[in-house]
Amino acid sequence: MKKKMVKRFLTLALATVMTAGLLSGCSLKPSGGGSDDAAAAEEGGEKEYVYRVGFVNIDNADNCCYPAMQKFVDYVQSDEFAESVGADKVEALTADSAKDIEKQTTNVETLLSKGVDMMFIIGVDTEGNTTAVQACNNEGVPVFMVGTEASGGEWKFIGFDETELGMRQGEWCAKNLPENANICYLQGTPGREAAVLREEGFMEGISSRDDLTVLSSQTGEFETAAAMQVTEDWIQTYGDQINCIVGADGKMVVGAVEALKAANMDQNVTTVGVVSVEDDGYLIENGEQSYAVFVSWPEIGTLCGQIAEKVYNGEEIDERTNIEMFDMTQENYEELIATAR
């Protein structure tokens, strides 16, 4: 248990002894936290134990990360969670970084000043995330990087294996694409570990097929409009030489499919991507996309809540906790997407 968590428990334990008559039936487990100012808030003459957890999102406009944050909030603010961790109430304090690394750091510092017991961060940038992590370390607050990493500081990871995601895409292509197929690959935002690791995994996945050729790899910035523009350029350059377009995420594949439709090429080009939420899945559902790796971001949010519960209850947390990924096609779409709703 981190130094600050121990300090907080000792403070609360003393308060419990001194006010035993008022707090009968309210106890804290040895691992219990609770912010110093909120844990003993006066409520109608009695002391109410309120725990606080922080969640700093990369971007509330992101259709994958925002649902994850909301699932986390729903989980930790439930009556069942409060009862499990020995609190009268649990508050989830959240913040939107709008893809701005400086704003992310400020958000973390602000939530730390409000006395959170632990911090969850969907980071903006691997190198830049370190500052926020170290701020948590300095306060003795456990910090979890969600779906992203930091190049420094002490933290634990919650999410999925980025390299495996790319490898699954590559292995599907190696198994299903015709002989001498040509592939165009839509990279994620340069510098993001997700972009780097997914592409590395993809290249490893297709390595068993010497006849597969990657005509071009260009960034679509994890954005639909950018990916559409890149695909339009590819169509102008390569035309019907393109047999397959692979996207490092679902939003980019949406842009690629729109460009292919405009060029009347959508029936002749296989598309491979990622589905993380229902918004990304309609192409698979409609048969307009052949294959996707399914990695449920809402499930990641729930997993973060489960990790928070374990921390409060004094359980050991692994250095890395990953959700399971699945191969998604039109045939199993409904079964899998139900878990992301």
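Reader: Is the crossing of H8 and H9 left-handed or right-handed?

Author: This is a predicted model, in which local features need pLDDT of at least 70, side-chain atom pairs count only at pLDDT 80 or more, and totals for chains, interfaces and linings use all residues. Residues are numbered from 1 along each chain as its sequence is written, and side-chain values use heavy atoms, with hydrogens and water left out. A crossing is left-handed if the near helix is turned anticlockwise from the far one by less than a right angle, and right-handed if clockwise. For H8 and H9, the crossing is right-handed.

Reader: At what angle do helix H8 and helix H9 pack?

Author: Helices here are DSSP runs (H or I, at least four residues) and strands likewise (E, at least two), numbered from the N terminus. Axes are lines fitted to C-alpha atoms, for helices over the stretch in contact, and angles run from 0 to 180 degrees between N-to-C directions. Helix H8 covers residues 224–238 and helix H9 residues 250–262; their axes are 7 Å apart, and the angle is about 40°.

Reader: How many of the 16 residues of H11 are buried?

Author: Helix H11, residues 297–312, reaches 23 Å from its first C-alpha to its last, close to the 22 Å expected at 1.5 Å a residue, where the expected span is 1.5 Å times one less than the number of residues. Buried means under 20% relative accessible area, exposed over 50% and partly exposed in between (1.4 Å probe, protein chains only). Among the buried residues of H11 are Trp297, Leu303, Glu309 and Tyr312, and the helix is mostly covered, the number of buried residues being twelve.

Reader: In which loop is Phe222 found, and is Phe222 buried or exposed?

Author: Phe222 has a phi near 60°, a positive value in a residue other than glycine, and most residues other than glycine have a negative phi. The loop that holds Phe222 runs between strand S9 (213–219) and H8. Because its relative accessible area is 11%, Phe222 is buried.

Reader: What is the C-alpha to C-alpha distance between Val275 and Cys64?

Author: Val275 belongs to strand S11, residues 270–275, and it counts as buried because its relative accessibility is 0%. Although Val275 and Cys64 are 211 residues apart in sequence, their distance in space, C-alpha to C-alpha, is 9.4 Å.
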